[in-house]
Amino acid sequence: MTEPLLRVDGLKTHFLTRAGTVKAVDGVSLRLDRGEILGLVGESGSGKSVTGQSILGLVDPPGRVVGGRVLFQGEDLVGAGEKRLRAIRGRRIAMIFQDPMMTLNPVLSIGTQMVEAVQAHEKVGRAEAWERSRRALVRVGIASPDERLAAYPHQFSGGMRQRVAIAIALLHSPDLIIADEPTTALDVTIQAQILFEVQKLCRETGTALIWVTHDLAVVSALADRVAVMYAGRVVETGTVAEIIGNPRHPYTRGLLESVPSRNRRGVPLRSIPGMTPSVLDLPEGCAFHPRCDRSTGACTVMPELSGEREDRAWRCWNPVAAEARGDAA
Amino acid sequence: MLVFILRRLAQSAVVVVAMSVLVFAGIFAIGNPIDVLISPEADEFERAAAIARLGLDKPMHEQFLRFVDSALGGDLGTSFVHGVPALGLVLQRFPATLELALCAMLVAVVLGIPLGLWAGLKPDSLAGRIIMTGSILGFSLPTFWVGMMLIMAFAVTLGWLPAGGRGETASLFGVPWSFLTADGLAHLILPAVNLALFKLSLVIRLARAGTREVALQDYVKFARAKGLAPSRVVGVHILKNIMIPVVTILGLELGSVIAFSVVTETVFAWPGMGKLLIDSILQLDRPVVIAYLLVTVLLFVVINLIVDLVYSLLDPRIRLGGGRA
């Protein structure tokens, strides 16, 4: 295989707080090819958002990337200067955030916020930047763009704001978009529209996408491949079909079983017992073992990611047997 | 917009009326001016004549109605002491105070906002800590003491700046201003800094608190994720958001700076309204005190109106419509 677009290698992002070191991301490795869509799945606090922000060096203090590499087209972004990162942010790698109510500055017009995004990377006049912003809005399905450019964020609905954020992300036709739960705060119908459009736009432009979410249903509809995170680590990775159809890590299986499905109508949903461990006090070895029904003595030692291929692997001593999901699916 | 302004003006009129009643009643409670105004050797006849001349023999409500009647005609009474119209006396001193207050506010804003931004962006840095400690001093040191220390240091010991007075003035719009001449400017520096110190600390704290809050917002991170330069993120995205509370407080404080520059004006012998007020209170010169207070009230009202208008420029979410009550 040729050099991937993005290769994250043993990334560690820690937060040095007074209560102790929080290992929000602790040795995450990912790879992403051009035009590929990766779903990064996990519960709150699993480190998925911090992973996304670490790639662009956007983690706020006291957080800090303390180890690993982020190779973007062969260039290591960890340790790259702020100036270099700034040239990449928004132009080569764009980001979309979770809450569309919060990602646009309330006191600046949409036009201002789009024009500045264009002008941050290209020496173009205001008129041309305005015209490009206008076209970007049309592309994400916003009617009467000129009127909309003059408006302020509070005059938009949540779905519209997220479309604006997506339009901003697409301004420079980036190679990669990191989307941090961009549909979580939206209505289900709007969510479906946005998903469909993002997928379409990425396919059209050949943009790769990392879609950070806690929602496996979204991932199954959108992604090519999935990486499941738990307590700062990737615990399982594979194609969507492999993860959904044949999960090997007990945590992935637990996640799947807690999602309602038409095929299992009438069968009570199963939940994973216990709670996400405190990131300040992770259990020894596999962080999931206290909640796991398959745990053995071996689980107090951290298992490595292993499996059939580099991109089909799981981090478990006692993986669920292949093709052995005990439900009516 | 127009409806908004008209409604605000109506509200302001109510405030002015209520204020004039309060002021009039209050001033009655602080003693009889006649004893101060006539010589101790005056006999009963002279005393009664003076009382009648000043209208002090009438009951309070009658005096008030007479006052309102003439006030509507722009006449706020004649100074007992100086024998000239009280309003003219106050207005004549007004430019000096306005100049001092505006300079103080300018110092507070020009220094306070950058310092507050810095302290907010780097709260744990040495500079951030020094700025915050300094602002505590600005809050807690009494103005008159700081004023005297400034005179001691810069006027007496170093001899760099004059200790008091307005210095040379130049005329603009028929009004004398100190800041138009080098000598006047030199006279202005110390009192302006003295008056600014408290406001400066206030602006620093406001700007710092706002910055710390705004810097954590998603839209700031999104702005960075767009690849914007730090100067644009701080200078536009953060600054515009923190200006809203700063403008509110500055508007309110500008009024209070003008109204209560009394201490600084006294320490630096600055011939403004504050000094006039102190003198008039000591001499129980009722018309001047009343004229001063009414001018101050009007000033507050106007400043608040301006602040509301500035808001709508800063924050598009605030609509100055008149549709709803």
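Where is Pro62(A) found? The legends below take this and other close-ups in turn.

This is a predicted model, in which local features need pLDDT of at least 70, side-chain atom pairs count only at pLDDT 80 or more, and totals for chains, interfaces and linings use all residues. Residues are numbered from 1 along each chain as its sequence is written, while chains are lettered from A and ligands numbered from 1 in the order in which they are written.

**View 1. Pro62(A) and its cis peptide bond.** Pro62(A) sits in the loop between helix H1 (48–55) and strand E4 (63–72) of chain A. Helices (H or I, at least four residues) and strands (E, at least two) are DSSP runs, numbered from the N terminus. The bond joining Pro61(A) and Pro62(A) is cis, with omega about 10°. Most peptide bonds are trans.

**View 2. Ser173(A), a positive phi.** Ser173(A) is not a glycine, yet its phi is about 40°. Ser173(A) lies in the loop between helix H7 (158–170) and strand E7 (176–180) of chain A. Most residues other than glycine have a negative phi.

**View 3. Helix H5 of chain B and its kink.** H5(B) covers residues 86–121, 36 residues in total. From first C-alpha to last it reaches 50 Å, close to the expected 52 Å (1.5 Å times one less than the number of residues). A kink of about 35° lies at Phe94(B), shortly before Pro95(B). The bend is the angle between axes fitted to the seven residues ending at a residue and the seven starting there.

**View 4. H5(B) against H12(B).** The axes of H5(B) and H12(B) (residues 273–282) come within 7 Å and cross at roughly 135°. Axes are lines fitted to C-alpha atoms, for helices over the stretch in contact, and angles run from 0 to 180 degrees between N-to-C directions. H5(B) contributes Leu89(B), Val90(B), Arg93(B), Phe94(B) and Thr97(B); H12(B) contributes Met273(B), Gly274(B) and Leu276(B). Contact requires C-beta atoms, placed from the backbone, within 7 Å. Five of these residues are nonpolar, two polar and one charged. Ala, Val, Leu, Ile, Met, Phe, Trp, Tyr, Cys and Pro count as nonpolar, Asp, Glu, Lys and Arg as charged, and the others, Gly among them, as polar.

**View 5. Chain B meets chain A.** Here 20 residues of chain B contact 24 residues of chain A. Helices H9 (218–225) and H10 (230–259) of chain B each supply at least two residues of the chain B side. H9(B) gives the most, with seven. The chain B side has eight nonpolar, four polar and eight charged residues.

Notes:
Two residues are in contact if their C-beta atoms, placed from the backbone, lie within 7 Å.
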